[in-house]
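Hi there,

Here is the model I promised to send over. Have a look at it first, and then read my notes below.

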Amino acid sequence: MGIITQKSSAQPRVVQVKAKHFNSLKVTVAAILIVVMVLMTAIVRLSTQGVQQRQENSRLQSQIAALQGQIEKESQDALLLNAEKEGNRSQAVSYIQDIQAKLKTINNFMSKRGLHSISFKKLNVGDKPKSDTKLYADFSNYLDKLVNNIAYMPMGYPKLSSFTSFFGSRGNPFDFGGREFHPGIDFKGHRGDPVKCTASGRVIFAGRAGGYGNCIKIRHTNNLETWYGHLSKINVKEGQRVTVGDMIGKVGSTGRSTGPHLHYEIRRNGHPVNPKQYLSLNL
Ligand SMILES: [Zn+2]
């Protein structure tokens with residue numbers, strides 16, 4: 001699983017232009033375009049194939065991490081270009097606009113889930129007042145924000161297994177004939193199975209929590225929290241920062257539980273929401 005971190009925004013630097021870099025602009029933008037297209041393909045595949053592609057989520061995260069690394073390098077190369085190569089500029093602007101259109105689609109996926117999308121105001125390449133250096137620096141910063149936003153968005157499975165109980169009203173397992181509201185999804189499991197966090201964030205609770213038994217609560221961005229209940233073991237401490245995919249604990253049957261399983265809950269603005277919509281990128 002890719003590890004994604006936010007990096008501080010790179011300041012544009014003045015770099016001497018070497019002859020061999022004169023034609024690097026096309027290569028640079030083409031490389032960025034290809035990576036973004038790979039990313040988009042992954043998203044489209046997820047949208048159409050749903051839960052059968054559950055592992056695509058982690059692949060997507062890795063690709064985004066790779067994208068970030070590549071963009072950083074390519075942007076550095078791009079900084080070598082300047083106004084002397086005006087001939088390449090219109091083509092570069094056209095490539096960037098193409099990439100931006102695809103990024104806008106990604107943004108759209110996020111906003112449909114009620115997550116913050118990222119402003120495009122800084123990237124008005126059509127007006128042509130900016131130097132290439134400024135253009136690429138803005139573009140790189142934008143991608144950093146996008147990557148960061150996605151890393152902190154709960155996505156995918158805390159554990160790869162089938163469900164034993166869904167979100168919503170269900171029969172009360174402790175009271176035959178009674179109904180209760182189930183605020184999360186239960187994943188089938190055996191005692192000791194690893195539990196992974198589904199997004200980067202900060203642990204806000206790790207310990208006993210009534211019916212949840214041994215429970216971990218992690219706060220992400222967008223006022224989102226993920227909760228992991230009935231654990232047999234807790235590997236993290238309150239206040240600890242975690243990265244998407246970290247093994248935070250083990251499946252158990254502590255608290256109000258009839259057998260080993262993982263209770264997974266997502267809360268937005270303090271209220272439980274259906275985690276199913278965060279399992280894949282289906283909209
Ligand atoms: Zn449950």
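Among contacts in the protein chain (heavy atoms within 4.5 Å) between residues at least 6 apart in sequence, 70% join residues at least 24 apart. Please keep in mind that this is a predicted model, where local features need pLDDT of at least 70 and side-chain atom pairs count only at pLDDT 80 or more, while totals for chains, interfaces and linings use all residues. Residues are numbered from 1 along each chain as its sequence is written, and side-chain values use heavy atoms, with hydrogens and water left out.

The protein chain has four helices and 13 strands; these are DSSP runs numbered from the N terminus, with helices being H or I of at least four residues and strands E of at least two. Of its 283 residues, 51% count as buried, and here buried means under 20% relative accessible area, exposed over 50%, and partly exposed in between (1.4 Å probe, protein chains only).

Now to the metal. The zinc ion is coordinated by H182 (NE2), D186 (OD) and H263 (ND1), at 2.0 to 2.2 Å. Donors are N, O and S atoms within 2.8 Å of the metal (3.2 Å for Na, K and Ca), and sites may look incomplete because water is not among the atoms. Along the sequence, the donor spacing reads H-x3-D-x76-H. H182 in strand β3 (residues 179-182) and H263 in strand β12 are 81 residues apart, so this pair links distant parts of the chain. Both H182 and H263 are buried.

Next, the rings. Searching the whole structure gives eight aromatic pairs. Rings of Phe, Tyr and Trp (its six-membered ring) pair if their centres lie within 6.5 Å; planes under 30 degrees apart count as stacked, over 60 as edge-to-face and the rest as tilted. One of the pairs is F187 with Y264, which is tilted, at 6.2 Å centre to centre and 55 degrees between the planes. This pair also links distant parts of the chain, with F187 in strand β4 (residues 185-188) and Y264 in strand β12 (residues 261-268), 77 residues apart. F187 counts as buried because its relative accessible area is 0%, and Y264 is buried at 0% too. The pair of Y212 and W227 is edge-to-face because the planes are at 70 degrees, with the ring centres 5.3 Å apart. Y212 lies in the loop between β6 (201-208) and β7 (214-219), and W227 in strand β8 (residues 224-231). Ring pairs also join Y157, F163, F166, F187, Y228 and Y264 into a cluster.

The charged end of K217 sits over its ring, 3.8 Å from the centre, and the charged end of R267 sits over the ring of W227 at 4.0 Å from its centre. That wording requires NZ of Lys or CZ of Arg within 6 Å of the ring centre and within 35 degrees of the ring normal.

N223 lies in the loop between β7 and β8 and is exposed, with a relative accessible area of 54%. The C-alpha atoms of N223 and R268 are separated by 5.6 Å, although the two residues are 45 apart along the chain.

Best wishes
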